[in-house]
Amino acid sequence: MFLHVREAKYLRNYVIWLRFNDGAEGEINLEGELEGEMFSPLRDLAQFKRFSVDPEIETIMWENGADFAPEFLYENMTVMA
């Protein structure tokens, strides 16, 4: 099964809530992942909060083109009980 992000909401700091196409949902803290040319601008919380779920690539994406693979998000999120 291919994983796709269906919904995403900003929660706090660098934490995003996600729901996937298989029904799994949880939170992921991306603070430690914001390194490099594409991701370091997202350390600015105002920019970080401006993500959306891109309908083409079916994952979260920012205005500067930064995105995370759905598989990475899925494997690293804390599943909600």
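Accessible area here comes from the Shrake-Rupley method with a 1.4 Å probe. On that basis, this protein exposes about 4,900 Å², and carbon and sulfur atoms supply 48% of that area. Keep in mind that you're looking at a predicted model.

**Overall build**
- You'll find 3 helices and 6 strands in the protein.
- Follow the sequence along and the pattern reads β-β-β-α-α-β-β-α-β.
- The C-alpha trace spans about 30 × 25 × 20 Å along its principal axes.
- The radius of gyration is 12 Å, which agrees with the value near 12 Å that a compact globule of 81 residues would have.

**Packing and contacts**
- Of the 81 residues, 33% are buried.
- Take the contacts between residues at least 6 apart in sequence: 46% of them join residues at least 24 apart.

**A look at Phe-72**
- Phe-72 belongs to helix α3, which covers residues 70-76.
- Its relative accessibility is 26%, so Phe-72 counts as partly exposed; that label is for values between the 20% limit for buried and the 50% limit for exposed.
- Setting aside neighbours within four places in sequence, Phe-72 is in contact with Ile-28, Leu-30 and Glu-33.
- Ser-40 lies 32 residues away from Phe-72 along the chain, and the C-alpha atoms of these two residues are separated by 18 Å.

Definitions and conventions
Residues numbered from 1 in each chain as written. Predicted model: local features only at pLDDT ≥ 70, side-chain atom pairs only at ≥ 80, totals over all residues. Heavy atoms only, no water. Helix = DSSP H or I, 4+ residues; strand = E, 2+ residues; numbered from the N terminus. Rg over C-alpha atoms; globule rule 2.2 N^0.38 Å. Buried < 20%, exposed > 50% of the residue type's maximum accessible area, 1.4 Å probe, protein only. Contact = heavy atoms within 4.5 Å.
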